[in-house]
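Subject: Handover of a structure and summary of findings

Dear colleague,

Please find below the structure that I am handing over to you. A summary of the findings follows it.

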Amino acid sequence: MQTFAQILSQKLNEALSKVVSSDDLPEGFQADIDQSQNPQFGDYQSNVAMVLAKRVKRNPRELAAEIIEAFEAGDICDAPEIAGPGFINFRLSSAALENRLADLLADAKKLGVGAAEPEKTIVIDFSAPNVAKPMHVGHIRSTIIGDSLARIAGFLGHKVIADNHIGDWGTQFGMILWGWKNILNHDAMEEQPIEELVRVYREVNSKAKADLHFRETCKGELVKLQGGDEENLAIWEKCIELSRQGLQKIYDRLDVHFDHWLGESFYNDQLGPLVEKLVEEGIAEESDGAICVFSDNKAEKKDDPFYKNENDEWVPLPFLIRKSDGGFLYGTTDLATVDYRISEFGADSIWYVVGAPQQLHFNQLFATTERRGIETDLQFIPFGSILGKDRRMLRTRDGESVQLVDVLNESVDRARAIIEEKNPELSDEEKADIAEAIGIGAVKYAELSQFRMTDYVFDWDTMLALKGNTAPYLLNAYVRTRAIFRKMGKDFEEGGEIKLTEQAEKNLVLKLAQFGEVVPSVLSDFRPNALAAYLYEVATSYHKFWEACPVLQSEGAVRDTRLMLCELTGRVLKCGLGLLGIRTIEKM
RNA sequence: GCGCUCGUAGCUCAGCUGGAUAGAGCAACGGACUUCUAAUCCGUAGGUCCCGCGUUCGAAUCGCGGCGAGCGUGCCA
C-alpha cells in the first residue's frame, strides 16, 4: 500500500514533468511532499515551486499555478492550493480518507507499513553488559534503544540478528577471582548468587582503588586465568553462568531478546592470528612493544581518527590491537567480531548501540575495517550519558550507582499505588499485571521518547513520571479503544459502511494513515523517539475523537465508522508500542 | 590545545534531510465528570531558539567565528 505522501509525490512529479522539461531539472530531481505542520495549510505540502523557481527563472507562484494546472488529483484530494511565497498545499478528500480506513483495516499485520527495499541482514550489537557486575541505570539506554531498533528493523522486513556482546573477559575478572577465593560467603552464594557476586566485586573494587599493590595481586589472578589455569577457569565459567542467569531475569522482565550471546571470550582464539595477519598485510605494526594500526595518511588530518592535535602539532593516535605485555584489547575483539558477523551471519549491516564517549574507538575500528577491504555497512549509533546528581557521568566502575532492578521495581510500585487509588476493584492478579506493564513501559517510554543523544541527570521522578507524555497516557488511549468493545459485549467485526462526518474523525484517520510514513523514517537516523512522538499524537487524536464523537450512542454508518476508528487506533497503538518494546493491557 | 556532542518557555525536553505564526509535558491559573474508565479534554499565561557574521526567496536547522557545559584524546572497556 502506498502512503499518501508517496501517492501525492508521484502525482506531483508527473505534473512537474509536464511543466518543466527534464533538462532544466537537477539530475535525479524528485519533488518532495511533506506533512503539513498546521492544518490551515492542508494535510500535505510541497515547496517544489520555490526550490525550482530560480533554476528555471520563473516566479514561484506562477510556476506553482502551472504545476497545479497539470496536477491530476483523481479522487485523492481537492484541487491543490497555492499559499504564501509558493507553497502547494494538498487537502485529502473525505473519500480518500474513507478508502484508506478500509484499506488499513484490511492490512491487519502491517497497518500500511511497507517492506524496506532492499531487505538486509542486520546484526545489532546492544546492551552488552559486563559480566559479574550489576546492570545499572546506564545500561538501560543501549538495551532499550537497541531492542526497539531491532524490532523496527524486523517489522520492516529486514533479517535482524540481536547479539549480546557481553564483557566476559575483561580485567574485572582479576578482582573477582581474588574475591571468590578470599572473601566469598558461600552460604550467601547459595541463596542469592548474583547479589553475593555484586557484593564481592564492590568490596574488592574499593580495596583495589585504594591499594596499588593489591591491584597487582588481582592482575596476577587475571594472568593465570588468561594462561589457562584450571582453577581460575572453573571459577570464571561459574561466574559467567550465574551472571547470565541474573541478566536473563532482567531481560525477561524487559521483554528483550537476543539471538546470540557471543561475548568477548568467544573470540579469544581468533585474536592472535588476526593480529599476525594484520601485521603481515602491513595494516598494523609494532610500536613501543605494542601492535598498533597507524594512519594511512589518505584523509585530511583533522578527519583522520589516527591523528590527534597537541599544541598545534598533529601526532599519531594509534589503534591498539595488542599490548606490549601480549594482551589483547577490545579493539582486537571488535575486529574479530566484525569478521565473524560477516562470515557466519552474512551481515550486510552491523549496528552498534553504544555510548557516545566511544566515538573515537568506532571511528578507528571502522577505518581499520575499511582498510582491510571490508565494505559492510557499519553504523555507530551513539547515545548520551545518564548523569549523577553532580552532573558527572555515572561510571560503569562505580559500584554505587543505581541498579536497573531497583529502577524497575520502583516504577512498578509507583504504578501499583496509582492503580490501587483509581481502580481498587480490580483483582490482585490484574493489578499486579497492569502495574508491571505500566511500570516497565514508563521506564522504556521515558528513554525512547527523547532524542538518544540528550544527556540527562538521573532523577526518579523524571524517569518514572506517570502523567503527561508518558507510557500511561498512550496505554490509556489503547485501553479506551478496548473499553468500547468490552462495553458493547463483542469484538470488532469486519464490514459496515464508512462515513466520516466529524473533523476529529478525519484527523484521526489521517494520523493513523501516517504510521506507514513514520515507521520507516525511524531508521534513517535511528530515532525511535520519532515513533514515540507519533504515537503520542495518535493517542492525542484519539482522546480528542473520544471527547467529540460518542461511539456506542451513535447509529448506522456513523457508528460503524467510529467502531472501525477505535479498532484501527487500537491496532496502531498496540503495534507501535510493540515496536518500542512496550506491552499493552486491556484495562488499567 | 585538538576532536566529538550538546546549548530552545520557570523546569524537563521535541523540532531528522532548510519552509509558513518555534511545539509538547510538568509547574501556575480558569473551565468540563450521575461518562463509551477524568491516568482525559478545553482555555489562559509563558520565547533574544547561547551570541555574532554569512549562504538562501526563506535559518532553531546549513557554513564560519566566539561563549558555555559534558565527554574523549597510546597500552581499561
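In which strand is asparagine 89 found? Asparagine 89 lies in strand 4 (residues 87-90), where helices (H or I, at least four residues) and strands (E, at least two) are DSSP runs numbered from the N terminus.

Before the details, a note on conventions. This is a predicted model, in which local features need pLDDT of at least 70 and side-chain atom pairs count only at pLDDT 80 or more, while totals for chains, interfaces and linings use all residues. Residues are numbered from 1 along each chain as its sequence is written, chains are lettered from A and ligands numbered from 1 in the order in which they are written, and side-chain values use heavy atoms, with hydrogens and water left out.

Overall architecture

Chain A has 21 helices and 15 strands. Its C-alpha atoms fill a box of roughly 80 × 70 × 45 Å along the principal axes. Of the 588 residues in chain A, 52% are buried (under 20% relative accessible area, with exposed over 50% and partly exposed in between; 1.4 Å probe, protein chains only). Among contacts (heavy atoms within 4.5 Å) in chain A between residues at least 6 apart in sequence, 75% join residues at least 24 apart.

Asparagine 89

With a relative accessibility of 7%, asparagine 89 counts as buried. Leaving aside residues up to four places away in sequence, asparagine 89 touches Phe41, Tyr44, Gln45, Pro80, Glu81 and Ala83.

Helices 20 and 21

The axes of helix 20 (residues 528-548) and helix 21 (residues 556-579) come within 10 Å and cross at roughly 155°; axes are lines fitted to C-alpha atoms, for helices over the stretch in contact, and angles run from 0 to 180 degrees between N-to-C directions. The two helices are therefore roughly antiparallel to each other (angles over 145 degrees; under 35 is roughly parallel, 65 to 115 roughly perpendicular and the rest oblique). Residues of helix 20, including Leu531, Tyr534 and Phe545, meet residues of helix 21, among them Arg562, Cys566 and Leu579.

Cysteines

A search of the whole structure finds 0 disulfides, a disulfide being a pair of cysteine sulfur atoms within 2.5 Å. The closest cysteine sulfur to that of cysteine 566 belongs to cysteine 549, at 9.4 Å, which is too far for a bond. Cysteine 566 is buried, with a relative accessible area of 1%. Cysteine 77 also counts as buried, at 7% relative accessibility.

Yours sincerely
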